[in-house]
Amino acid sequence: MNKYLLDVYNPFTVEFLYGKGSTLFDKKRKDYIDFTSGIGVNCLGHGNKKLVETISKQAKKFIHLSNIYPIKTQKECAKKVAVLSGYKNMQGFFCNSGAEANEAAIKFIRKYAKNKGIKKHNIITLENSFHGRTLATLNATGQKDKQLGFEPFPNEFIYAKDLEDIKNKINKNSVAVMLELIQGEGGIKAFDKKELQNLNNYLKEKDVLFVVDEIQTGIYRTGEFLASNFFELKPDIITMAKGLAGGLPIGLMMTNKKNIFKKGDHGSTFGGNPLCTKTAVEVLNILEEKYKAKKIQNTIGLFQKELENILKKNKKLFSSKSGIGLMLGLKLKEEKKLQSLLEICLKNQVLVLKSGKDIVRFLPALNISKEEIKLGFKRFQKSLDELK
Ligand SMILES: Cc1ncc(COP(=O)(O)O)c(C=O)c1O
């Protein structure tokens, strides 16, 4: 516990000094293979030369400008996202985090509902979802244990058990369904493509907005630019954050619905500032090049092959593997082993994450090297051998 910090996190004891690629170094210069990328944020690893150059060049011009002046890089970034996603008919709002992007979406949905004349609207989310920690996004998060103690909430959310149940829950006041296509915090659960497409069509028929939370799944995490592209969906609203600016704080809410927000309806002091949006454009340019050269796909292939080997060799410990692209999980047969496994991994210098109660989660940088993957999994296997 720190005298000057509120005690909301439970960090490991290792303190890192610097990172290079997907390797972090502690005070004693011990190296750690990073399979976490800051929970899916550092998509180009640590100390990427091009990013560092872009950041320092932009910082010399200006770091921040208020949104009361036009910000060129914001327009460039929104256009780049629209072009890469193929959802060209979208307009975006920039903010600073995932929760803020979802907050923007919730405000937008409220305005949309008012315009439609729905007085007591509702938004449907899933019981096991995760959409953020602000009051509205925590309320959208269908996990009761996370909400406990922070009531009262806006209370416009209805929780469905699964995709099929969403259809049962829709009523005349339903304006939107908000969904992660692969649940990140809720256990690396990817939904079925056909089921998602059916839901998408059903929502169009019912005139209910399809809101896709791509905060963890977006920015090539699945191998495609967005998981919505991977599953070939047509969402009305998409939210992004995490990897978009390679580590700088950024959030983006995009929608194809026009003329809902009017001037003054929403805003953010830092949202879309020149430093973050210029960096995001650079991240997207670099990743687009890697995608075209099939480098991301090759990295996914290699990483998944190693993970498959781990599963084969450790059938006693793990029951299954889940996820898509570089958003992957291994399900432990005994959930009580999860925390000690994370600690042994840290001791053996490989960093992994947890998800839900029994999943070891892997969210490596999209440019993690072959050597780092091999070494990381060697250390991971060593950790499994030591796990009692
Ligand atoms: C799917 C999803 N939505 C929203 C959030 C919240 O993002 P942030 O922590 O940037 O507010 C997260 C964070 O993990 C997430 O995974």
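Gly21 has a positive phi near 60 degrees in the hairpin of S1 and S2, where two residues lie between the strands. The model is predicted: local features need pLDDT of at least 70, side-chain atom pairs count only at pLDDT 80 or more, and totals for chains, interfaces and linings use all residues. Residues are numbered from 1 along each chain as its sequence is written, and side-chain values use heavy atoms, leaving out hydrogens and water.

Strand S1 covers residues 16-20 and strand S2 covers residues 23-26. They run antiparallel, joined by four bridges. Gly19 has Leu24 as its bridge partner in S2. Strands (E, at least two residues) and helices (H or I, at least four) are DSSP runs, numbered from the N terminus. Two strands pair if DSSP finds at least two bridges between them.

## The seven-stranded sheet

Seven strands make an open sheet with mixed pairing. Their order is S4-S12-S11-S10-S7-S5-S6. Strand S4 (91-95) and strand S6 (157-160) are the edges, and each pairs on one side only. On average, neighbouring strands are turned by 20 degrees against each other, direction ignored. Axes here are lines fitted to C-alpha atoms, for helices over the stretch in contact, and angles run from 0 to 180 degrees between N-to-C directions.

Strand S5 (residues 122-126) and strand S7 (residues 174-179) pair in the parallel sense over three bridges. Ile123 has Ala176 as its bridge partner in S7.

## Surface and interior

Val8 sits in the segment before S1. With a relative accessible area of 66%, Val8 is exposed. Buried means under 20% relative accessible area, exposed over 50%, and partly exposed in between (1.4 Å probe, protein chains only). Leu6, Val8 and Tyr9 make a nonpolar surface patch of about 450 Å². Patch residues have over 30% relative accessible area and no salt bridge; nonpolar side chains (Val, Leu, Ile, Met, Phe, Trp, Tyr) are joined within 5 Å, like charges within 9 Å. A salt bridge is a side-chain nitrogen of Lys or Arg within 4 Å of a carboxyl oxygen of Asp or Glu.

Helix H12 spans residues 338-347. Its buried residues are Leu338, Leu341, Leu342, Ile344, Cys345 and Leu346. Gln349 follows H12 and has a positive phi, near 70 degrees.

## Cysteines without a bond

The structure holds zero disulfides. A disulfide is a pair of cysteine sulfur atoms within 2.5 Å. The sulfur of Cys77 lies 9.8 Å from its closest cysteine sulfur, in Cys276, so it is too far for a bond. Cys77 is buried at 0% relative accessible area. Cys276 is buried too, at 9%.

Definitions and conventions. Accessible areas come from the Shrake-Rupley method with a 1.4 Å probe; for residues, only the protein chains shown count as cover.
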